[in-house]
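Here is a short walk through one protein model. Please look at the sequence and the fold together before reading on.

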Amino acid sequence: MLSTNWPTTSELDVEFTPRKVLRRSGSPRSVDHIWQDETETNPYHKSPSALSHCSTATEGASAAADEIQMRVVSYNIHGWRDTVHKDNFEELVASLRTMNADVVALQEVLHPYRPPSDAEEAEAYFERVKAGKGNGFKGEYLKDSSEKSYLEALAEALGLPHVSFGKAVDDGYFGEFGYGNAIISRFPVVAESHTVVKPDARHQAGR
């Protein structure tokens with residue numbers, strides 16, 4: 001379960017080919033899952049890391065089966081910007097590459113999103129959001145752009161081609177972009193479900 005912090009909660013459950021459902025929250029966090037597999041070889045096998053290990057048996061697998069390690073990282077990307085509202089895409093790529101994850105669970109994701117390519121327009125957008133006036137900002141420039149969204153570009157940069165996005169809202173603090181949680185994975189996504197839980201208005205941020 002991946003939960004956004006504002007203004008609604010978006011729960012995204014994803015099932016991968018090892019036949020397990022990923023349920024993670026928090027940021028940043030890294031945990032290695034050990035998958036029991038009856039096959040002798042697996043292209044996703046990695047040597048044990050120094051991180052804590054959590055052993056989970058695939059249904060029907062014996063205790064003597066080979067262990068297949070899967071590294072899962074959970075990361076809150078803060079709407080593709082740092083705490084002073086500067087684009088943080090390159091920093092995210094650099095940071096996540098050092099973790100060498102097989103699956104990355106992302107929170108506070110805008111999608112589809114990338115800032116305006118014009119430097120002045122991008123600066124004006126970030127300043128507008130920083131001032132708390134991002135609601136209603138329309139990313140019309142995305143319609144005419146051949147560039148990948150930041151989520152797609154991040155997945156490509158990390159070599160995690162399988163993407164799942166769960167949207168909580170269409171418009172909010174960051175503008176009229178889909179906002180929610182995402183998973184990017186080295187493993188194919190074979191099933192997913194998405195549930196939006198909306199609290200009473202008085203419990204939402206800014207109310």
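The paragraphs below go from the overall fold to one helix and then to charged pairs.

This is a predicted model, in which local features need pLDDT of at least 70, side-chain atom pairs count only at pLDDT 80 or more, and totals for chains, interfaces and linings use all residues. Residues are numbered from 1 along each chain as its sequence is written, and side-chain values use heavy atoms, without hydrogens and water.

The protein has 3 helices and 9 strands, taken as DSSP runs (helices H or I, at least four residues; strands E, at least two) numbered from the N terminus. Their order from the N terminus is β-β-β-β-β-α-β-α-α-β-β-β. Of the 207 residues, 42% are buried, where buried means under 20% relative accessible area, exposed over 50%, and partly exposed in between (1.4 Å probe, protein chains only).

Helix H3 spans residues 150-158, and its buried residues are Tyr150, Leu151, Ala153, Leu154, Ala155 and Leu158. These buried residues pack against helix H1 (89-99) and strands S6 (103-110), S7 (162-169) and S8 (179-185). Just after H3, Gly159 has a positive phi of about 70 degrees.

The whole structure holds 7 salt bridges, each a side-chain nitrogen of Lys or Arg within 4 Å of a carboxyl oxygen of Asp or Glu. One of them joins Arg114 and Glu147, with the closest N and O atoms 3.6 Å apart. Arg114 lies in the loop between S6 and H2, and Glu147 in the loop between H2 and H3, 33 residues apart. Arg114 is buried at 16% relative accessibility, while Glu147 is partly exposed at 44%.

Key. Contact = heavy atoms within 4.5 Å.
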